[in-house]
Structures are given as structure tokens and as C-alpha cells.
Amino acid sequence: MELGGLATYGVFFLTQAGIYAVLALGLNVQYGLTGQINIGIAGFFAVGAYTSAILTTATSTAHLGGFDLPFLVGIAGAMATSAVVAVGIGWVTMRLRSDYLAIATIGIAEIIRIVFKNEDWLTNGVRGVPGIPRPFVETLGANPLVSLGVVTAFVLLAYWLVEQARRSPWGRVLRAIRENEDGVMAAGKNVARFRLQAFVFGSSLMGMAGGLYAHFIGFISPEAFMPLYGTFLVWVMLIAGGAGNNRGAVLGAFAIWMLWSATQFLTDALGAEYATQAGALRVLLIGVLLQVILIARPQGILPEHARRKGRG
Amino acid sequence: MGTELLQLAIYGVVSGSILTLGAIGVSLIFGILRFAHFAHGDLMTLGAYFAFSMVVGLGFPVWASAPFAVAGAALAAMTIDQTVYRHLRRASPIILLISSFGIAIALRSVVQLIWGPHNQVYQSGIQLPWRIGDIVIKPDHVWIVLGAVVLVILLHLFLTRTKMGKAMRAMSDNMDLALVSGIPSERVILVTWAVGGGMAAVAGIFLGMDTRLHPVMGWSLLLPVFAAAILGGIGRPYGAIAGGMVIGLAMEMSTMVINPTYKPAVAFALMVLMLVVRPQGLFKGNP
């Protein structure tokens with residue numbers, strides 16, 4: 001590959017890894033801080049992507065809208081709709097064991113997928129939504145570096161938000177709930193409400209990532225998300241990086257995305273006729289990697305508690 | 001209207017039978033190991049494909065390949081437990097759940113690698129259905145329901161008449177008491193996987209007979225299976241039977257009024273309703 005191609009690929013790679021980093025930070029609020037399991041990440045991601053797409057595309061007869069609104073409005077809308085979905089699902093499951101939330105999130109992700117696939121008036125069904133404008137394309141042009149810059153800014157914003165939350169008294173309550181729910185309840189805190197807040201906050205970040213993805217790719221369809229593998233990759237990223245540690249979440253996103261992209265060589269090595277087998281083999285490798293991490297180094301690359309020695 | 005209702009009820013009982021076999025395994029595993037086993041749907045898929053290999057490779061009829069598929073899936077479940085889950089027993093159930101999610105994805109990849117990503121069927125060609133008035137029943141439907149009934153009776157006898165079955169119920173009811181009374185917990189756990197995996201294999205074969213084989217077939221059924229287990233009271237295998245039937249019937253009946261692609265949403269809605277009204281399930285489980 002010549003140098004220019006490599007640079008283009010590098011920008012593409014970093015942009016995608018950045019979007020995954022936002023997802024991993026969202027999951028870190030839910031799982032890392034609060035101990036909640038969300039298997040429906042792809043659902044919230046898709047809600048965000050479609051919301052932003054519908055808000056920002058030019059008027060179309062094929063789907064709802066578009067409303068031709070600015071990029072930042074699209075992202076804000078993506079976060080808001082994901083949050084609304086999260087409130088609905090969270091309200092039902094917050095008082096129950098985390099297993100129920102896990103099961104419920106599978107359900108909500110599946111329903112979201114079916115709705116986006118079947119409700120043509122809303123999403124144009126399997127034909128998808130084309131022509132989603134790149135961020136700030138009118139003022140800054142269609143340079144891929146602009147997308148990378150925008151995504152980087154959002155990664156930093158998400159990191160800052162989650163880090164502020166983690167350090168705040170609010171974040172301490174979340175971690176206390178994770179460690180000892182009864183103790184927190186005895187201290188007079190409304191456990192269900194804190195859990196709900198954390199779940200909604202994390203889900204809105206996932207919606208933000210979905211919005212960024214839609215503007216980065218420019219076209220979304222129900223099949224474009226690799227729904228389950230997306231969710232699964234984010235989990236491996238957070239566990240590998242270090243659940244509970246925000247730098248770990250970002251590091252895990254980049255490391256696993258690099259690994260995942262590197263296994264692309266399997267597809268190249270086996271040739272096009274075995275493309276599906278190669279895909280399956282890649283997923284299998286990541287699945288085995290997750291088991292190895294869970295057994296051998298469950299705290300991840302950057303453990304949550306390393307900071308005990310240093311700052312509080 | 002009347003016949004349509006009856007016809008859908010028959011489909012509902014068929015899919016309820018399949019869900020029941022899956023939900024029993026989920027419930028048993030939850031009762032003994034205290035975690036929601038997310039790879040259960042993919043164990044079903046694996047069992048279905050084991051049978052497929054016997055049918056296509058060796059020319060076995062489907063029913064004769066079932067015992068081998070059951071043994072294969074039971075062995076697979078026990079192997080996964082010994083190589084992965086056993087090392088996580090002391091971790092929190094949440095870690096086990098995440099691990100099983102990874103196992104689910106890995107199992108599906110293995111199925112895709114060995115058998116390919118396409119739809120397959122046990123028998124090509126159209127099965128001649130029986131007609132009773134306007135009602136249509138396929139012979140396969142009868143086998144599925146009968147098979148499920150026989151397995152449930154066998155399970156009942158196992159749980160109530162054998163020492164191992166009683167030990168399983170004891171561990172599910174009161175773990176600490178069971179352990180201090182000297183129940184060999186690791187052996188009980190292995191048997192739980194064998195029973196759960198075997199039942200999942202049969203559920204998978206039945207699903208393959210009823211529809212078709214596909215690497216995602218089991219995962220797509222995971223939500224209704226969990227809904228059935230929760231409805232019946234998770235950790236309660238007998239509740240799983242009631243839960244399976246209610247979910248199966250509701251999913252099929254709903255096609256009278258809504259688009260059939262929304263069937264999973266019906267299972268989901270029932271589950272959510274149950275979680276709001278009575279989280280412990282019909283038969284008081286362990287919420």
C-alpha cells in the first residue's frame with residue numbers, strides 16, 4: 001500500500017475506533033461504575049444513528065423527515081431519543097437483579113431492529129437512509145480529517161463527562177451500589193433512581209456514538225450495524241481495557257479495534273469465496289480472547305483500583 | 001374465525017413445546033449456578049446441527065439422530081463448563097453472564113465455520129399434512145409435542161425419584177444447606193449442564209423440524225425462552241412449562257392482529273408485564 005492510501009486508512013481507522021471509544025465509555029457508566037449489563041448496545045446505537053439521520057438529511061419521501069437540521073442538533077436529538085428509550089426500559093428493570101436488565105436489553109435491541117427493518121415510513125426499511133451529511137460539510141468541506149477531528153472532540157467530551165461523573169459524589173454512589181446495594185439502601189439512597197440515571201446517561205452516550213457513525217458513514221441501513229457483533233466488540237473492549245477505568249475504556253476500544261482490524265488479514269488470506277468463514281473465525285478468536293481475559297486478567301489492562309495508591 | 005383460532009392454538013402449542021424445553025434448561029442452570037445462561041440458544045443451534053450431520057452425512061432419520069445430538073450437546077455444555085465457567089465460579093454471576101454471552105457468539109461462529117451460514121433443512125420436499133376439517137396438522141407437529149411431553153415426564157421422574165435429581169432440587173432451593181449436608185456440588189453442576197444441554201439439543205432439533213436450520217436460529221429464540229423462564233419463575237423448572245406454553249400461544253395468537261415479524265415483541269411485552277406485576281413469576285422463583 002502506498003503512503004497516501006495508508007494515511008487514508010489510518011484516518012478511517014482512528015475515526016471508527018473513536019466511535020467505539022464513545023460506546024465503551026457509555027458502557028463503562030453502566031457496567032464499569034454501576035454493574036449493569038446492557039446486551040442491547042447496538043439498539044441504542046441504531047436509535048442514535050437513525051435519529052440524527054432523520055433530523056439532518058434533506059426532505060425525503062422515502063422516510064420520516066428529513067428535517068435538514070444542523071449536525072449538532074442531530075447529535076443532541078440522537079442522545080435524547082436514546083435516553084428516552086433507556087428511561088422506558090430502565091423504569092421496568094431498575095428494581096430487579098441485573099440479569100433481568102440484561103435480558104430486557106436483548107429484547108429492546110431486537111425490537112428496535114425489527115422496527116427499523118419493517119417500518120418503511122420511518123426508516124425506508126431495508127433500503128436504508130442515504131445522503132447523511134458529513135459534519136460541518138458546508139463550512140469545512142468533506143475532508144475525512146474533519147470527521148476525525150469532530151469524532152476526537154466528542155471522545156474527549158464523553159471522556160470528560162464520564163470522568164467528572166465518576167469522581168463526583170454521584171459516581172461514588174454508583175460504585176457503592178455496584179459493591180454493596182443493601183449498604184447503599186441502608187444509607188438512605190434511592191438505589192433504583194441512581195441506577196436509572198446511570199443507565200440513561202450511558203445509553204445517551206451510545207446514542208451519541210450512533211449519531212457520529214451515521215454522519216461519518218453517510219448511509220445507514222438495518223444491516224449496516226452488525227448488531228450483535230457490535231455489542232459484543234464493545235464488551236470485549238471495556239473488559240480488556242479495564243471496566244470502571246475510563247482511560248481503560250478508551251484504550252480498550254483502540255486496542256481491540258486494532259486487533260479486530262488486523263484479523264482482517266484472515267479474510268484476505270482465505271480469499272473471497274471463504275469470506276463468511278473468515279468472518280466467523282475472526283469472531284471466534286475475539287470470543288476466545290474474552291474468555292482468556294475474564295479468567296486470566298479480569299481487571300483488564302488498566303485496572304480500576306490502581307489509582308488507590310496515588311490520587312483518590 | 002373459530003378454525004383460525006384453533007389452528008393458531010396448535011402452532012402455539014408446538015412452539016410452546018420448543019420454548020419449554022429451552023426454558024427448563026435455563027431455569028435449571030439459573031437455579032444451580034445463579035446466572036442467566038446467554039449461550040443457551042446457541043446450544044440449541046449446536047444440537048440441531050449435530051443432528052443435521054447425522055441426517056445428511058449418515059442418512060439417519062431425524063428421530064434416530066436425536067440421541068446422538070443430545071449426547072453431543074450435553075458433552076459440549078459440560079466441556080464449556082469445565083474449560084471456562086468452572087474458573088469463574090467464585091466471580092460474580094455478572095461475570096459468568098458476560099462470559100456466556102461470549103460463548104454464545106463463539107458457538108455461533110463454530111456453527112458457521114463447520115456448517116456454513118445458509119439455511120438448511122432436515123428433509124427437503126413438502127410433508128403431506130393431515131387435514132381435519134379446515135385444520136391442518138403436520139406429522140412433525142405431533143412428534144414435537146409428543147417428544148416434549150415425554151421429555152418433561154422423564155425430567156419429572158429424574159428430579160423426584162433419583163438421588164441426583166433430588167440433590168439438584170436441594171441445591172436450587174437452598175445452596176448453603178445443600179452444601180453442608182454433603183451434596184457433591186461439582187458433580188451436580190456437571191449433571192445440570194448435561195440435562196440442560198441435552199434438552200436444548202432436542203429443542204433445537206424440534207425448531208429445525210418446525211422451521212429450518214440457521215446459525216442464528218437459537219439466538220433468535222433466546223428472548224422468548226428467557227421470557228418463558230421468567231414467566232414461570234426463574235429457577236423453577238415446572239414453571240418453565242407453564243411459561244413456555246403461555247409465551248408460545250401468545251406469540252402465535254398475536255399474528256391474528258399484528259405483523260408476524262413482531263412476534264418477539266409479544267414475548268417481550270409479556271415478560272415486561274410480568275416483571276412489573278409479579279417479578280417472582282407464576283411459580284415463585286428467585287428474583
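## Terms and model

A residue is buried if 20 or more other C-beta atoms lie within 10 Å of its own, exposed if 12 or fewer, and partly exposed in between, with C-beta atoms placed from the backbone. Helices (H or I, at least four residues) and strands (E, at least two) are DSSP runs, numbered from the N terminus.

This is a predicted model: local features need pLDDT of at least 70, side-chain atom pairs count only at pLDDT 80 or more, and totals for chains, interfaces and linings use all residues. Residues are numbered from 1 along each chain as its sequence is written, while chains are lettered from A and ligands numbered from 1 in the order in which they are written.

## Chain A overall

Chain A has 14 helices and 0 strands. Its C-alpha trace spans about 55 × 45 × 35 Å along the principal axes. The radius of gyration, taken over C-alpha atoms, is compared with a globule rule of 2.2 Å times the number of residues to the power 0.38. For 312 residues, a compact globule would come near 20 Å; chain A has 19 Å, which agrees.

Buried residues make up 52% of the 312 residues in chain A. Two residues are in contact if their C-beta atoms, placed from the backbone, lie within 7 Å. Take the contacts in chain A between residues at least 6 apart in sequence: 76% join residues at least 24 apart.

Helix H12 of chain A covers residues 246–262. Its 17 residues reach 24 Å from first C-alpha to last, close to the 24 Å expected at 1.5 Å a residue. That expected span is 1.5 Å times one less than the number of residues. Among the buried residues of H12(A) are A:Trp257 and A:Trp260.

A:Ala142 sits in the loop between helix H6 (137–140) and helix H7 (144–167) of chain A. A:Ala142 is exposed, with 12 other C-beta atoms within 10 Å. Not counting residues up to four places away in sequence, A:Ala142 touches A:Arg134 and A:Val137. A:Val173 is 31 residues from A:Ala142 in sequence, and 44 Å away, C-alpha to C-alpha.

## Chain B overall

Chain B has 11 helices and 2 strands. Read along the sequence, the pattern is α-α-α-α-β-β-α-α-α-α-α-α-α. The radius of gyration of chain B is 18 Å, close to the 19 Å that the globule rule gives for 287 residues, so chain B is as compact as a globular protein of that length. Of those 287 residues, 53% count as buried.

## Helix H2 of chain B

Helix H2 of chain B (residues 40–58) has 19 residues, which should span 27 Å at 1.5 Å a residue. Its end C-alpha atoms are 27 Å apart, which agrees. In H2(B), 15 of the 19 residues are buried, so this helix is largely enclosed by the rest of the structure. B:Gly59 follows H2(B), and its phi is positive, near 75 degrees.

## Core and contact

A nonpolar core is a set of buried Ala, Val, Leu, Ile, Met, Phe, Trp, Tyr and Cys residues joined through C-beta atoms within 7 Å. The largest one has 195 residues. Leaving aside neighbours within four places in sequence, the contacts of B:Ala73 include B:Leu43, B:Phe50 and B:Gly197.

Where the chains meet, chain B gives 35 residues and chain A gives 35 residues. On the chain B side, H4(B) supplies the largest share, 13 residues.
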